[in-house]
Amino acid sequence: MRATVKIVIGLLAVLLPVCAQEKDDVVMKAMSDELARSVSQLRVTDLEKPYFISYRVDDVNSAIVSATLGSVTLSNPVRTRVIGVEVRVGDYAFDNSNFVTAQSARSMSAGVLQGPLDDDYQQIRRQLWLATDAQYKHVAEEFSAKKAALANRKRTTDVADFSKESPATVRESQANTKADIAGLEQLARDVSLPFKQMTDVVTSSVQIEFRDMFTRYMNSEGSLFTRSAPEYALRIDADTQAADGLPIHDSLQFFGRSLGDLPNKGELVAKAKDMGQRLEKLRAASSAEQYNGPVLFEGEAAAEIFAQVFAPGLAASRIPDSDDPQFEAMFKQMLSQMGLAANLLDRIGGRVLPDSMNLMDDPRLKEYKGTKLVGSYEIDDDAVPSRTTKLVEKGMLKTLLASRVPVRTISHSTGSRRSLGAVPSNLILSADKASTSVELREELLRRVKERGLDYGIVVRRTGGAGNSAMRAAAMMAASPQSTPTNTLLEVYKLFPDGHEELIKGAELSGLTAATFRDIVAAGDKPVVLNQQVIPNINSVFTMGMAGGLDMPVASFVVPSLLFEEVSLARAEGPFPAPPASKAPLAGN
């Protein structure tokens, strides 16, 4: 009873100002009124009473426009409103979360509903009531099942299920950004048109996505925020095939808060032309050979490899318990196959980078040396204010990015939850000792000579947009027996006399987060890479789906990196047979 009174008093402290300041916001009023009622009245006989409730409403205006060879193939503006309700029963130390069963996997979206597009007070309250009722009954059953399953099992750790955080309030005005659909269609046509003259490019496309999401959030602890997040994304894709059947794919992706943040039309057209020319050169390039030795990842390639291999391990995550050991083992195996199981938790206090390197995550940083960063935000999806987190100091791992789900040695959130779980925002990798591009190449060749190799390897592109976790997830969805490919896109042999030779079909072999300890030099000109990131999928079972299902964008600021040893192998088939005849545009 005392706990309920405290919750109600805390809730009134935030809801009374809401009623006064947001009186014209029908959605916020409906949320605050229904939340107050749920906190004071929600209880079913023989079921635990909730100790935490949160409401979230996302108003989303979005559009997707695609074009191929100068013709629009998709134009789809959409307006939606999504209601998310999170309910927890038990207490902060032990509640219904961090537990999964085959049944819960089928009903994990119980607290998510489509909301009415009109600002209808009664209808919004009704949808909140329905979502709260469904979620409460679901989590109460989960709590009972969890207690029964773990009653006779000794827990390996005494980590709480949910962290206590101080209430926070952040109010942002709604941006109300409108997309010029006709303008986006014309831009997609113009950027996709150059591929019409490239007869060896088998498929190509340009896709532009616009999303303006306004989020309202409040919880029973007294936290509240409104947040406006407009975003544009433009992606260029093209595929070709070498004479031996090797598939070659290239992709470029750009993100911005506004259309003006993206490269202009002329620059995008030039990048599309460059992509076609790059694919043509790759078709004619010699094939890669087995290689073990020093490798220099230059510019964007260094940022890509850092984002794909090292950064995913910086997010703290927790494997949920289960009532079925066989299901739990299968779940862990699935995460491992998708590259989503591992993090660097066990490495805290140990060296993960050279002692000259530091790494921080700074969600408050808006730009880096004049380049805008798109991973910035003020408050995360748990209503925890964002803050700078020093992850690595002089090569030693200090902590990980965390949500409100505690893990061993990390008991509180770092304000890093976006969508399903903790993810990076703006990751800044710096080195106390930096080398020029000339010095990096000289050092590469010096190490090549020491080892008696004929050449060194320089990588300038790893394979385009999208991180390895996304590729693995897509492949697993298509075929559970698939394994993700690690074929690099733009790779050169660098010979002692300084000349380069482009090669194709080079695959990374055995590159892991541990390999980054063996970096021997870093460049003096970091590049900024903006890329979508995906939280660990197990966050669905520890945090629920009420925080949204979008893939947030992070910015990675990374210098060129020279590794002491990396293994490359030649991509092996079987490859699909090339087209039996020339493209219909050939010769026209």
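The structure is a predicted model, in which local features require pLDDT of at least 70 and side-chain atom pairs count only at pLDDT 80 or more, whereas totals for chains, interfaces and linings use all residues. Residues are numbered from 1 along each chain as its sequence is written, and side-chain values use heavy atoms, with hydrogens and water left out.

Glu 48 forms a salt bridge with Lys 147, the closest N and O atoms being 3.8 Å apart; a salt bridge is taken as a side-chain nitrogen of Lys or Arg within 4 Å of a carboxyl oxygen of Asp or Glu. The pair links distant parts of the chain, since Glu 48 is placed in the loop between helix H2 (26-41) and strand S1 (50-68), while Lys 147 belongs to helix H4 (residues 121-150), 99 residues apart. Helices (H or I, at least four residues) and strands (E, at least two) are DSSP runs, numbered from the N terminus. Lys 147 is likewise partly exposed, at a relative accessible area of 38%. Helix H4 also holds Gln 123, which counts as partly exposed at 30% relative accessibility. The C-alpha atom of Gln 123 is separated by 9.0 Å from that of Ala 30, although the two residues are 93 positions apart along the chain.

For the protein as a whole, eleven helices and 27 strands are assigned, and buried residues make up 53% of the 588 residues. Among contacts (heavy atoms within 4.5 Å) with a separation of 6 or more, residues 24 or more positions apart account for 81%. The exposed surface comes to about 25,700 Å², of which carbon and sulfur atoms supply 51%; accessible areas follow the Shrake-Rupley method with a 1.4 Å probe, and for residues only the protein chains shown count as cover.

Side chains of opposite charge can pair when their charged atoms come close. A search of the whole structure finds 38 salt bridges, and one network of them links Asp 25, Asp 59, Arg 81, Asp 119 and Arg 216. Two further pairs involve helix H9. In one, Glu 500 forms a salt bridge with Arg 441, with the closest N and O atoms 2.8 Å apart. Glu 500 lies in strand S22 (residues 500-504) and Arg 441 in helix H9 (residues 437-450), so this pair ties together parts that are 59 residues apart in sequence. Glu 500 is partly exposed at 29% relative accessibility, and Arg 441 is partly exposed at 21%. In the other, Arg 447 forms a salt bridge with Glu 443, with the closest N and O atoms 2.8 Å apart; both residues lie in helix H9, four residues apart, about one turn of the helix. Arg 447 is buried, with a relative accessible area of 15%.

Strand S22 also takes part in a hairpin with strand S21. Five of the five residues of strand S21 (residues 490-494) are buried, so this strand is largely enclosed by the rest of the structure. In a regular strand the side chains alternate between the two faces of the sheet. Both faces of S21 are covered, with Glu 490, Tyr 492 and Leu 494 buried on one side and Val 491 and Lys 493 buried on the other. Pairing requires that DSSP finds at least two bridges between two strands. Strand S20 (residues 456-461) is joined to S21 by five bridges and runs antiparallel to it, with Arg 461 standing opposite Glu 490. S21 and S22 pair in the antiparallel sense over four bridges, and Lys 493 stands opposite Glu 501 in S22. Five residues separate the strands of this hairpin, in which Gly 498 takes a positive phi near 95 degrees.

An open sheet of six strands has the order S16-S15-S12-S19-S26-S25, with mixed pairing. Strand S16 (396-397) and strand S25 (527-532) stand at the edges, each with a single partner strand, so one side of each is left without a neighbour in the sheet. Strand S15 (residues 389-393) and S16 run antiparallel and are joined by two bridges, with Val 392 opposite Leu 397 in S16. Helix H7 (residues 300-310) packs on the sheet, touching strand S12 (357-361), strand S19 (426-431), S25 and strand S26 (553-558), and its direction makes about 40 degrees with that of S25. Axes here are lines fitted to C-alpha atoms, for helices over the stretch in contact, and angles run from 0 to 180 degrees between N-to-C directions.

Definitions and conventions:
Buried < 20%, exposed > 50% of the residue type's maximum accessible area, 1.4 Å probe, protein only.
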